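Please find below a note on the model, arranged as numbered points.

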Amino acid sequence: MAAVTMRLPVPRKPAVVNAPRGPEKHLVAPGDTITTDTGYMRGHGTYVEDDKLIASVAGVVERVNKLICVRALNTRYNGEVGDVVVGRITEVQQKRWKVETYSRLDSVLLLSSINLPGGELRRRSIEDELAMRDCLQEGDLISAEVQSVFTDGALSLHTRSLKYGKLSQGVLIQVSPSLVKRQKTHFHDLPCGASVILGNNGYIWIYPTSEQRDEETGGFITNLEPVSMSDREVISRVRNCIVALVTHKLMLFDTSILYCYEASLPHQIKDILKPEVMEQIVLETQHRLLDLEG
Amino acid sequence: MSERRATLRRLSCSNGASHCSRLLEGTAASRERRKRKGLSAVRREEAGSMAAVVLSEPEKLYIVHGVQEDLRVDGRGCEDYRCAEVETDVVSNTSGSARVKLGNTDILVGVKAEMGTPKIEKPDEGYLEFCVDCSANATPEFEGRGGEELGTEITSTFYTVFSSENSVDLKSLCINPREHCWVLYVDVLLLVCGGNLFDAISIAVKAALFNTRIPKVRVLEDEEGSKEIELSDDPYDCIRLNVENVPLIVTLSKIGYRHVVDATLEEEACSLASLLVSVTSKGALTSIKKVGRGSLDPESIFEMMETGKKVGKALHVALQKILDEEESLGTSRQKVGFLG
C-alpha cells in the first residue's frame, strides 16, 4: 500500500528545552562588534574597522590571552592531528590517493601510510604502485586518522592500525562537523545491534556489528554477504535517529544516539522522520541527557 | 459602474526579456554571464547527467539488497514517498506560485499569465510555456551552463506530459479567437537537488496552476475597429484553472529486480533505468518515458506502470487534500515562505 503524506510547512520553532547551560558562550554573527578595546590581537574570523574588532563569521568567540578569534559553527572540516575521519576516495594518483573529507582541500592518503595485506612491513615497490587500484578505487569509503596537516591546510591521512581501513556494507550520513562531539574513541558498538563510526569531519558511518571480532582483518577485505533483516532495521532506525538529532542541532555522541534510539522504539522506522514525531523523540532525548548530567 | 481602461502594455511586462526572468529578475543577467563564460565541450558532456553521488560497491550492494526485502535505507517501503511540504502563493509578483520540499529536494514554480496570440493551428485556445532553471545553488555542477542539459530534458518532458488534450482546459484561456489568448509561462526553479526531481516538479506545477489567478478581461471594439482590452476594477475578480486533469509524474527506478518510487540520490546511483509515468487523478496514464542507460524488461515495464497508476492516484488525493486545506485557511494562514 503506497503511503504518501503531504503537509503544510510550519515555521521553525526556537530551541526546545530551556536547560541551564555551562559558562555563557559569546555568540556572534557576521558584522557584530566583539570588542572596542584596541589591546587585542585579531585572529581568524575577525577584522578591524574603525578601531572596533568585528566578527566576519557566525560562531563562538574564543579568547586566548590577547588573541581573539571566532570559531565558525557552519564551516568545512578543519583537521587536527589525531582526528578520526571517514572519507571517500576521489582520485588514484601516482603514489597516493586523494580522499574527500568535507574539508577545504582534498586530503591525501599516501601509499606508504596504508597497511599492506598480510601485515607485511617493507618498502613499497613499483608493483605496489601498479596495484593501487586493486586496493582502493574511486568511490571507496575508508576510515583513517589524520597524521599531519600540510602547510596549505590539506590533511595527510593514515590507516596504520587494524581498526582503520576500507569500509564495507553500511550507510553513510553527512552532517556538519561541528555537531560531532570530540571523544576518546569514535568507534562505538551500540548495544542495539549496530556499530557506528563518528568521523570528526561529519561523516557518520553505520554498519552491522560483525560476529567475528577476534580476528581483526584490518582493512581491505570486504564482506559482500547480504545483511540480515533485523540488522537492517536497526541500522535504518539509527540512521533516522541521527537525522532527527542533526535536524534539531544536538551534539552527536554515542549516548545521545543511544537515548534517541530508545526513545524512537515505539514508533515505526519511517515515522521517525515526520516533524512532530522527530520533535517528540528529540525532546525525550534531551531530558534524559540532562538527567544524566546532573 | 466605471471601468478602468487598461491597455495591453500595462498588463504584460517587457516582452524582450527571456521567459525565465519573469520569475527572478537576476536570471537575464546570469544568462549573459553564462554565454560569456562558455565551458569546454567535455565539461558540458560530463555535467549533463543529474547531480549524481558516487557510492562504493558495498554501499550499492547494501541498498540493492535492502530494496529486494522492501526495507530501504530510511525505513520506507518500495512504494512510500518521503514527507512532502507544499506551500502556494510564495512569490507575490506572479499569477500563481508554489514551493514543494520533498525530503531534501526543493522546487519553486511560478506561473505568469500574459496576453499573446494563439497558435495558428489552435486559434481558439491558449497555451502553456515551460522553462526550467537549474540554479547553481542546487549543486556546483549546475554552475554556468552545467544545468542546461538537465533543464532542457525536464522542459521537454513536461511539454510531452502536458501535450495531452484534456490536461488543462486551454479553451478557457482564449479571449478572442485568432487574436488574443492567455499564455501561461510556467517557470520552474530547482533550489536543491535531493533525488526524484520530476515528481517534485510535477507536484509543484500542479499546485502552482491551482493557485493561479488570471484576471478577467473584456475586449472592446472601437469605432475605427481597433481593439482595447479592459481589465475589471476588482482585483479579486479572476478566473481559476481547473486542475482536475493535470497529470502528476511518478518516477519508478529499477533497482535490482524491484522498482522503487521516490528514489533518493543514493538510490538513483544504484538504478540503471527508470520509468517516468504521468498519471491523472482518475488513474489514466497520459505519457511514459524511459530514462537511464540500462534496459527494462517488458514485464517489468508493465508492473511499473501498474504501480505508477496506484501511487499516482494516492499522490493526487494527498495533494488535493493539502491544497483544499490551505485554501480553506484563507488569509488566516501563517505564511512561512523562505525564511520560516
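1. Is Lys310(B) buried, exposed or partly exposed? With a relative accessible area of 39%, Lys310(B) is partly exposed; buried means under 20% relative accessible area, exposed over 50%, and partly exposed in between, with a 1.4 Å probe and protein chains only.

2. On conventions, this is a predicted model, in which local features need pLDDT of at least 70 and side-chain atom pairs count only at pLDDT 80 or more, while totals for chains, interfaces and linings use all residues. Residues are numbered from 1 along each chain as its sequence is written, chains are lettered from A and ligands numbered from 1 in the order in which they are written, and side-chain values use heavy atoms, with hydrogens and water left out.

3. The side chain of Lys310(B) meets that of Glu79(B) in a salt bridge, at 3.2 Å from N to O. Glu79(B) lies in the loop between helix H4 (57–68) and strand S1 (84–88) of chain B, and Lys310(B) in helix H8 (residues 298–329) of chain B, so the pair ties together parts that are 231 residues apart in sequence. A salt bridge here is a side-chain nitrogen of Lys or Arg within 4 Å of a carboxyl oxygen of Asp or Glu. Helices (H or I, at least four residues) and strands (E, at least two) are DSSP runs, numbered from the N terminus.

4. A further pair in chain B joins Arg333(B) to Glu87(B), with the closest N and O atoms 3.4 Å apart.

5. In chain A, Asp271(A) forms a salt bridge with Lys274(A), whose closest N and O atoms are 3.2 Å apart. Lys274(A) counts as partly exposed, at 23% relative accessibility. Over all chains the count comes to 25 salt bridges.

6. Where does Leu128(B) lie? Leu128(B) is found in strand S4 (residues 127–134) of chain B, and at 11% relative accessibility it counts as buried. Its C-alpha atom is separated by 33 Å from that of Pro298(B), 170 residues apart along the chain.

7. Turning to chain A as a whole, its secondary structure comes to five helices and 18 strands. The C-alpha trace of chain A spans about 60 × 55 × 40 Å along its principal axes. Of the 294 residues in chain A, 45% are buried.

8. Three strands of chain A form an open sheet in the order S3-S6-S5, with antiparallel pairing; two strands pair if DSSP finds at least two bridges between them. Strand S3 (33–35) and strand S5 (46–49) of chain A stand at the edges, each with a single partner strand, so one side of each is left without a neighbour in the sheet. S5(A) and strand S6 (residues 52–55) of chain A are joined in the antiparallel sense over four bridges, and Val48(A) stands opposite Leu53(A) in S6(A).

9. Strand S8 (residues 67–72) of chain A pairs in the parallel sense with strand S4 (residues 41–42) of chain A over two bridges; here Arg42(A) stands opposite Ile68(A) in S8(A). Six bridges join S8(A) to strand S7 (residues 59–64) of chain A, and these two run antiparallel. Glu62(A) stands opposite Cys69(A) in S8(A). S7(A) and S8(A) form a hairpin with two residues between them, and Asn65(A) in the turn has a positive phi of about 50°.

10. Val64(A) lies in strand S7 of chain A and is exposed, with a relative accessible area of 53%. Together with Met41(A) and Leu67(A), Val64(A) forms a nonpolar surface patch with about 270 Å² of accessible area. Such patches are made of residues with over 30% relative accessible area and no salt bridge, like charges being joined within 9 Å and nonpolar side chains (Val, Leu, Ile, Met, Phe, Trp, Tyr) within 5 Å. Accessible areas come from the Shrake-Rupley method with a 1.4 Å probe; for residues, only the protein chains shown count as cover.
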